[in-house]
Amino acid sequence: MVEINAGRFYLRALRADDRIDDRQAIIEGFADDESRRWLSHLDVSDLDRAGAYIARRAEGWIEETRFSWAVADPLTGNLLGEVLLKEVDLAAGTAEAGCWTHPSARGMGMATEALGAVLRFGFGALGLKEIVYKHSPGNAASARVAAKLGFTKVTETDERTVLVLRND
């Protein structure tokens, strides 16, 4: 796991140990109406499921298929959201970026700033050539993040907008 100082935020592993326990914040992050609207495919509704979610993120690092970071307040360590590269194919140099924000951290520019740091890591440290970002067309917050980070729209359907960022 690589930790990243992302300016106003600190990117670290999601944790559930005796020093930091992100499970309750993860439950809250997926429980509000906005999150359920866009992330309905994820069920992280109790401590066991949140613990399994954290374990899957750790496995992704080991398998080098998903690199996930907790976005934390640098002073308190409190979880503010998550940014990630998933569907990573190091041989092909491709990945898909993703993020979610805890309700208490929305509107702070956290997702843009933290995901920007992860994109730089992907292109620089991992040598990726192309990173895709997908969101539902009605998800204005995700569209703003993609636009601020320089993604270019590739396709748009009623279900999904697909954007790309290339390291040429």
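**Reading contacts in a predicted model**

Student: How does Arg 106 count at 33% relative accessibility?

Tutor: Arg 106 counts as partly exposed, at 33%. That label covers the range between buried, under 20%, and exposed, over 50%. Keep in mind as we go that this is a predicted model.

Student: OK. Which side chain does Arg 106 meet in a salt bridge?

Tutor: Start with the general idea: side chains of opposite charge can pair when their charged atoms come close. Here, Arg 106 pairs with Asp 32, at 2.7 Å from N to O.

Student: Which residues do salt bridges with shared partners join into one network?

Tutor: Lys 86, Glu 96 and Lys 134.

Student: How many salt bridges does the structure hold?

Tutor: There are 11. One of them runs between Arg 8 and Glu 113, with 2.9 Å between the closest N and O atoms. This pair also links distant parts of the chain, 105 residues apart: Arg 8 is in the loop between β1 and β2, while Glu 113 belongs to helix α4. Arg 8 is partly exposed, at 45% relative accessible area, and Glu 113 is partly exposed too, at 25%.

Student: And what about Arg 15 and Asp 17?

Tutor: Their side chains meet in a salt bridge as well, 2.8 Å from N to O. Arg 15 has 25% relative accessibility, which counts as partly exposed. Asp 17 gets that label at 33%.

Student: Let's move on to rings. How many aromatic pairs are there?

Tutor: The structure holds 6. Take Phe 30 and Trp 100, whose ring centres are 4.8 Å apart with 50 degrees between the planes, making the pair tilted. In general, the distance of the centres and the angle of the planes are what describe a pair of aromatic rings.

Student: Where in the chain do Phe 30 and Trp 100 lie?

Tutor: Phe 30 is in helix α1 and Trp 100 in strand β5, 70 residues apart. Phe 30 is buried, with 7% relative accessibility, and Trp 100 is buried at 7%.

Student: Trp 69 and Phe 121 form an aromatic pair too; what is the angle between the planes?

Tutor: It's 80 degrees, which makes the pair edge-to-face, and the centres lie 5.4 Å apart. Trp 69 is part of strand β3 and Phe 121 part of helix α4, so the contact ties together parts 52 residues apart in sequence. Both partners are buried: Trp 69 has a relative accessible area of 0%, and Phe 121 has 14%. Ring pairs also link these two with Trp 61 and Phe 67 into a cluster.

Student: α4 keeps coming up. How many of its residues are buried?

Tutor: 12 of its 15, so α4 is largely enclosed by the rest of the structure. Among the buried residues are Met 110, Leu 115, Val 118, Phe 121 and Phe 123. As for its length, α4 covers residues 110–124 and reaches 21 Å from first C-alpha to last, close to the 21 Å expected.

Student: One last thing. Which ring does the charged end of Arg 57 sit over?

Tutor: The ring of Tyr 53, with the charged end of Arg 57 at 4.0 Å from the ring centre.

How values were computed: Residues are numbered from 1 along each chain as its sequence is written. Side-chain values use heavy atoms; hydrogens and water are left out. Helices (H or I, at least four residues) and strands (E, at least two) are DSSP runs, numbered from the N terminus. The expected span of a helix is 1.5 Å times one less than its number of residues. Buried means under 20% relative accessible area, exposed over 50%, partly exposed in between (1.4 Å probe, protein chains only). A salt bridge is a side-chain nitrogen of Lys or Arg within 4 Å of a carboxyl oxygen of Asp or Glu. Rings of Phe, Tyr and Trp (its six-membered ring) pair if their centres lie within 6.5 Å; planes under 30 degrees apart count as stacked, over 60 as edge-to-face and the rest as tilted. A charge sits over a ring if NZ of Lys or CZ of Arg is within 6 Å of the ring centre and within 35 degrees of the ring normal.
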